[in-house]
Amino acid sequence: MNFPVEKFKTLDTPFYYYDTDLLRTTLRTIHEEAGRYERYHVHYAVKANANPRLLSIIREYGLGADCVSGGEIRAALKAGFPADKIVFAGVGKADWEIRLGLEAGICCFNVESLPELENIDALAGEAGKVASVALRINPNVDAHTHHYITTGLSENKFGISTEHLEMILDRMASLAHVRLVGLHFHIGSQILDMDSFKMLCNRINEIQELLYKRMMIVDIINVGGGLGVDYEQPDRQPVPDFAAYFAVFHKHLKLRPKQHLFFELGRAVVCQCGSLITKTLYVKEGVNKKFVIVDAGFTDLIRPALYQAYHRIENISSALPPQEYDVVGPICESSDCFGKVVSLNETSRGDIIAIRSAGAYGEIMASQYNCRRLPGACYSDEMP
Ligand SMILES: *Cc1c(COP(=O)(O)O)cnc(C)c1O
């Protein structure tokens, strides 16, 4: 990626830099690759990054929005996503959030438990409406990803287990203000092994059979998100392999006639277009190591501290031969470390450091711990 380094030196750091050309290329690819198949619809998982500028670009390419809170529904509506392309997921939807969804007329609620279903039925009844719902099924498929971000195992808090499905379908028949429109699944995040998605397809085929025996066919199958990106080498394949991803579903998932297939992609859409740009405050000699102390901390990008996540780190203002450093932030916690034994071009005070692949679960997870300022944002197409 080419960074306008001279320009960066004049800006207040830290900030997120978004390459809007790369975002548009990614969105164009999604549009083309999903467009090869009939009734494939991609929803953007707003939780990955709700930056209004990015949301409005994503909307331009016709994606829907997958929201997990009332605030996200508001952000999606404000960015111009049509209500009928918004789906609403989450294990703990509050009453005001459900009412907001009903009022806006969203496409569907992804329901995760019987008490939630009964509550949606009651609130829809009060509003004189019938809510469209998809049942989120826990498919008990291991996504072979980090245990913090795997969600499709029966030990996770998410979804309805298949053992409870029939009971819930029975119960649903007596609820007048909910209508079953779909089945929803999501097995985890940062998944690069296409076999995990293949196993998901096989499980969905079995569950569709189970419904079919009850003479039921839903309109929508929603397979969630989770497609991963290359954090090690962000420039190797900056646009994830959407062709291979959609092809797995086309090959293994048995859709019934006229069924719509929904995807909810977050990370794969926005991750590679974003970098956290930070300035070197000090280079400190430790015992047997050197520290590069930067002005960004885990308040700006928490993934390394929270999930031991790897991000590629580059000194984009030095052309000197590389040396090894620990790259750390200013926050008073030992976990405030972006990388250990990182090979960086020889670094000195004032150098600009780019922490790559930070477009997803970066800016949106920023906090003000230590009374710090939230990071800023700038965009490649707005650079003078
Ligand atoms: C987080 C989440 C997504 C998006 O996951 P990515 O890994 O960012 O693609 C999609 N659907 C649901 C239900 C989620 O919780």
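# Loops, domains and salt bridges

Me: Where is Pro 14?
Reply: Pro 14 sits in the loop between helix H1 (5-8) and strand S1 (15-18). Bear in mind that this is a predicted model. The peptide bond joining Thr 13 and Pro 14 is cis, with omega at about -5°.

Me: What makes Gln 308 stand out in its backbone?
Reply: Its phi is near 50°, which is positive although Gln 308 isn't a glycine. You'll find Gln 308 in the loop between H11 and strand S13 (313-315).

Me: And why is Gln 308 called exposed?
Reply: The cut-off for exposed is over 50% relative accessible area. Gln 308 comes in at 61%, so exposed it is.

Me: What about Asp 84: buried or exposed?
Reply: Exposed, because its relative accessible area is 55% and the cut-off is over 50%. Asp 84 lies in the loop between helix H4 (70-78) and strand S4 (86-88). Leaving out neighbours within four places in sequence, Asp 84 is in contact with Gly 105 and Cys 107.

Me: Which two domains make up the chain, and how many residues of each are in contact with the other?
Reply: Domain 1 covers 5-15 + 272-382, and domain 2 covers 21-271. Their centres, taken over C-alpha atoms, are 33 Å apart. In contact are 24 residues of domain 1 and 23 residues of domain 2. The area buried between the two domains is about 2200 Å², with 50% of it from carbon and sulfur atoms. Gln 272, Cys 273 and Tyr 361 supply 32% of what domain 1 buries against domain 2, more than any other three residues.

Me: How many salt bridges are there between domain 1 and domain 2?
Reply: Three salt bridges. There are also 13 residue pairs in polar contact between the domains, both partners at pLDDT 80 or more. On the side of domain 1 that touches domain 2, helix H11 (303-307) and strand S17 (376-379) are the elements giving two or more residues. H11 has the largest share, three residues.

Me: What makes Glu 382 and Arg 53 a salt bridge?
Reply: The limit is within 4 Å, and the N to O distance between these side chains is 3.3 Å. Side chains of opposite charge can pair when their charged atoms come close. A search of the whole structure finds 20 salt bridges. Glu 382 is in the segment after S17 and Arg 53 is in helix H3 (residues 52-60), so this pair ties together parts that are 329 residues apart in sequence.

Me: Why is Asp 230 called buried?
Reply: Because its relative accessible area is 18%, and buried means under 20%. Asp 230 meets Arg 236 in a salt bridge (2.7 Å, N to O). Arg 236, at 60% relative accessibility, counts as exposed.

Me: Which residues are linked in a network of salt bridges?
Reply: Asp 235, Arg 312, Glu 314 and Arg 356. Within it, the closest N and O atoms of Glu 314 and Arg 312 are 2.7 Å apart. Glu 314 is buried at 14%, whereas Arg 312 is partly exposed at 29%.

Technical notes. Residues are numbered from 1 along each chain as its sequence is written. This is a predicted model: local features need pLDDT of at least 70, side-chain atom pairs count only at pLDDT 80 or more; totals for chains, interfaces and linings use all residues. Side-chain values use heavy atoms; hydrogens and water are left out. Domain bounds come from an automatic or database domain assignment. Contact means heavy atoms within 4.5 Å. Buried area is the accessible area (1.4 Å probe) that two parts lose on being put together, summed over both. A polar contact is a pair of N or O atoms within 3.5 Å; within protein, one must be able to donate a hydrogen and the other to accept it, and residues adjacent in sequence count only if both atoms are side-chain atoms. Helices (H or I, at least four residues) and strands (E, at least two) are DSSP runs, numbered from the N terminus. Buried means under 20% relative accessible area, exposed over 50%, partly exposed in between (1.4 Å probe, protein chains only).
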